[in-house]
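Here are my notes on the model you sent over. Have it open while you read, and go through the points in order.

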Amino acid sequence: MDSSSNLNPLREDISDEEPAPASVFATRPLRPPSTSSSEKYSPVEWTSYFDKEDDVSIPGSNDVFHVYMAGTEGPLVFCLHGGGFSGLSFSIVASKIKEKARVVAMDLRGHGKSVSEDELDLSLETMSSDVVAVIKELCGDSPPAIVLVGHSMGGSVAVQVAANKTLPSLAGLVVVDVVEGTAVASLIHMQKILSNRMQHFPSIQKAIEYSVRGGSLRNIDSARVSIPTTLKYDDSKHCYTYRTRLEQTEQYWKGWYEGLSEKFLSSPVPKLLLLAGTDRLDRTLTIGQMQGKFQMIVVKHTGHAIQEDVPEEFANLVVNFISRNRIGPHGVEMPGTWKPSQPKT
């Protein structure tokens with residue numbers, strides 16, 4: 001199965017798009033031409049942000065996980081996306097971090113260009129095992145210091161990996177906009193939210209436009225690169241639909257979030273919790289914050305996908321977290337022994 005075939009009709013969609021009607025003001029002198037919707041929401045390739053992509057085959061299985069990589073030195077920032085997203089959710093972030101650290105963003109099971117024997121097994125244990133297996137294949141027996149960054153569902157996976165203590169070189173944990181209390185409470189609404197989404201799109205451009213106008217993403221530049229791999233082309237219906245069948249994975253949802261706060265607090269590495277302004281800490285996290293067990297930052301003027309909506313600020317927060325905790329390529333360094341490389345000017 002060639003998962004890249006999901007995007008094969010892409011060029012046809014762009015070339016067949018009807019041009020926008022001319023503006024009634026078009027005859028006025030010096031007025032710039034209006035940008036058509038087709039151009040404004042046209043897809044952008046991952047190569048604009050990452051350095052390379054790869055398929056990671058897991059020994060003893062038919063599972064092949066797709067990863068995007070950027071940067072060549074420093075600790076490894078390993079990014080895990082939320083449910084229904086893909087590794088390209090961290091595209092702009094990777095382009096900002098890669099001068100100071102290595103970045104790998106993985107398409108989790110059932111998402112993006114990854115292919116697995118059971119696409120619907122989104123259990124926390126399975127996904128966390130996938131992550132460890134991919135890191136082992138990429139890094140061998142001597143992995144660099146690793147900072148796990150997980151958004152939403154991916155945050156739960158990152159916390160589980162940390163709790164399992166299966167990554168000896170784990171040096172930091174960044175969890176993005178997921179709190180046990182509010183997440184568990186929202187699960188009763190999740191099927192309705194999924195079913196109320198627009199399900200079919202005549203083109204990738206229309207899906208990008210829907211994501212931005214509908215408010216799920218607030219940054220057009222990020223949506224243009226991240227949305228295409230969250231879709232697949234349905235030959236029978238002659239349209240695009242969602243790549244990930246989240247509505248069929250409900251049996252695993254509660255497991256993503258139950259016990260999340262305790263597991264997060266017990267992780268024996270520096271921890272950062274990034275929240276969009278609307279979330280609230282549950283009692284366990286409130287006590288943990290008062291005891292100074294983790295750093296918390298509320299990022300304003302953003303939606304749920306903080307890494308996509310404000311990627312520059314997000315990248316700075318991650319780099320500052322690495323620097324503050326003196327995380328070098330081989331773990332926590334003594335002051336002065338390693339400094340992140342400076343961005344190229």
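1. The secondary structure of the protein comes to 14 helices and 12 strands, where helices (H or I, at least four residues) and strands (E, at least two) are DSSP runs, numbered from the N terminus. Bear in mind that this is a predicted model: local features need pLDDT of at least 70, side-chain atom pairs count only at pLDDT 80 or more, and totals for chains, interfaces and linings use all residues. Residues are numbered from 1 along each chain as its sequence is written, and side-chain values use heavy atoms, with hydrogens and water left out.

2. Some overall figures. Of the 345 residues in the protein, 52% are buried; that word stands for under 20% relative accessible area, with exposed over 50% and partly exposed in between (1.4 Å probe, protein chains only). Take the contacts (heavy atoms within 4.5 Å) between residues at least 6 apart in sequence: 73% of them join residues at least 24 apart.

3. Now the sheet. Eight strands make up an open sheet with mixed pairing, in the order β1-β2-β4-β3-β5-β6-β9-β10; two strands pair if DSSP finds at least two bridges between them. At the edges sit β1 (52-57) and β10 (295-299), each pairing on one side only. From one strand to the next, the twist averages 20°.

4. Helix α4 (residues 124-139) packs on this sheet and touches β1, β2 (64-70), β3, β4 and β5 (146-151). Its direction makes about 145° with that of β3; axes here are lines fitted to C-alpha atoms, for helices over the stretch in contact, and angles run from 0 to 180 degrees between N-to-C directions.

5. Have a look at Ser128, which belongs to helix α4. Is Ser128 buried or exposed? Ser128 is buried, because its relative accessible area is 1%. Leaving aside residues up to four places away in sequence, Ser128 touches Val157, Gln160, Val161 and Asn164.

6. Strand β3 (residues 76-80) runs parallel to β4 (residues 102-106), and five bridges join the two. Val77 stands opposite Val103 in β4, and Phe78 faces Val104 there. β3 also pairs with β5 in the parallel sense, over five bridges, and the bridge partner of Val77 in β5 is Val147.

7. How well covered is β3? Five of its five residues are buried. Leu76, Phe78 and Leu80 point one way from the strand, and Val77 and Cys79 the other way. In a regular strand, side chains alternate between the two faces of the sheet.

8. Ser57 has Val64 in β2 as its bridge partner. The hairpin has six residues between the strands, and Gly60 in this hairpin takes a positive phi near 80°.
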